[in-house]
Amino acid sequence: QVQLVESGGGLVQAGGSLTLSCAASGIIFSINGMGWYRQAPGKQRELVASITSGHMINYADSVKGRFTISRDNAKNTVYLQMQSLKPEDTAVYYCNAQIRLRFGGSYSEYWGQGTQVTVSS
């Protein structure tokens, strides 16, 4: 059973920083893309940042220059460093990964349980 376990959320003042981590565990053959999404109350889930296994990176325009995504392939872990946080960054942040369980198998999408990030003004 594959699990994505997130950590690092919390409450921070505007202008502050937080780092989120997401570790994939279980029987995993390979991981393709990994990423972070967020969902604020009353809004749709949106992509924050994504990174391929070859470290190609994509950011939402709203976080460019403030957030940094990285991954450690050896640890099956993806990180999101968030700086200069704004109240509008308040949301539940979800980790996402495309994981293949065996050689020759197809990639399936997995989600973490979500971690709350609250930025106070």
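**Exercise 1. Strand β3 and its sheet**

Find how many bridges join strand β3 to β8, and in which direction the two strands run. Then place the pair in its sheet.

*Solution.* Start with the pair itself: in this predicted model, β3 covers residues 18-25 and is joined to β8 by six bridges, with the strands running antiparallel. For a landmark, look at Leu-18, which stands opposite Met-82 in β8.

Next, widen the view. The order β1-β3-β8-β7 describes an open sheet of four strands with antiparallel pairing. Its edges are β1 (3-7) and β7 (67-72); each has a single partner strand, so one side of each is left without a neighbour in the sheet. To finish, compare directions: neighbouring strands of this sheet are turned against each other by 15 degrees on average, direction ignored.

**Exercise 2. A salt-bridge network**

Work out which residues are linked with Arg-38 in a network of salt bridges, and decide whether Arg-38 is buried or exposed.

*Solution.* Step one is to locate Arg-38, which sits in strand β4 (residues 30-39). Its relative accessibility is 6%, and the limit for buried is under 20%, so Arg-38 counts as buried.

Step two is to list the partners. The search of the whole structure gives four salt bridges. One of them pairs Arg-38 with Glu-46, with the closest N and O atoms 2.7 Å apart. Glu-46 has 35% relative accessibility and therefore counts as partly exposed.

Another joins the side chains of Asp-89 and Arg-38 at 2.9 Å, N to O. This pair links distant parts of the chain, as Asp-89 is in the loop between β8 and β9, Arg-38 is in strand β4, and 51 residues separate them. Asp-89 is buried at 1% relative accessibility.

Asp-89 also meets Arg-66 in a salt bridge of 2.7 Å, N to O. Arg-66 lies in the loop between β6 and β7, so its pairing with Asp-89 ties together parts that are 23 residues apart in sequence. With 9% relative accessibility, Arg-66 is buried too.

Step three puts the pieces together: Arg-38, Glu-46, Arg-66 and Asp-89 are linked in a network of salt bridges. Beyond it, the side chain of Arg-38 makes a polar contact of 2.9 Å with the side chain of Tyr-93. Other residues that Arg-38 touches include Val-48, Phe-67 and Val-92.

**Exercise 3. The reach of Tyr-59**

Identify which backbone nitrogen the side chain of Tyr-59 reaches, and list what Tyr-59 touches.

*Solution.* Begin at strand β6 (residues 57-59), where Tyr-59 is found. Follow the side chain of Tyr-59 to the backbone nitrogen of Ile-69, at 3.0 Å. Leaving aside residues up to four places away in sequence, Tyr-59 touches Val-48, Ala-49, Lys-64, Phe-67, Thr-68 and Ile-69. As a distance check, take Thr-90: the C-alpha atoms of Tyr-59 and Thr-90 are 17 Å apart, and the residues are 31 apart in sequence.

**Exercise 4. Positive phi values**

Say where His-55 and Ser-84 lie, and find what phi each has.

*Solution.* First, recall the background: most residues other than glycine have a negative phi. Now take His-55, in the loop between β5 (46-51) and β6; its phi is positive, near 70 degrees. Then turn to Ser-84, in the loop between β8 (77-82) and β9 (91-100); the phi of Ser-84 is also positive, near 50 degrees. Last, check accessibility: His-55 is partly exposed at 41%, and Ser-84 is partly exposed at 41%.

Terms used:
Residues numbered from 1 in each chain as written. Predicted model: local features only at pLDDT ≥ 70, side-chain atom pairs only at ≥ 80, totals over all residues. Heavy atoms only, no water. Buried < 20%, exposed > 50% of the residue type's maximum accessible area, 1.4 Å probe, protein only. Polar contact = N/O pair within 3.5 Å; in protein donor to acceptor, adjacent residues only side chain to side chain. Contact = heavy atoms within 4.5 Å. Pairing = 2+ DSSP bridges. Axes fitted to C-alpha atoms, helices over the stretch in contact; angles between N-to-C directions.
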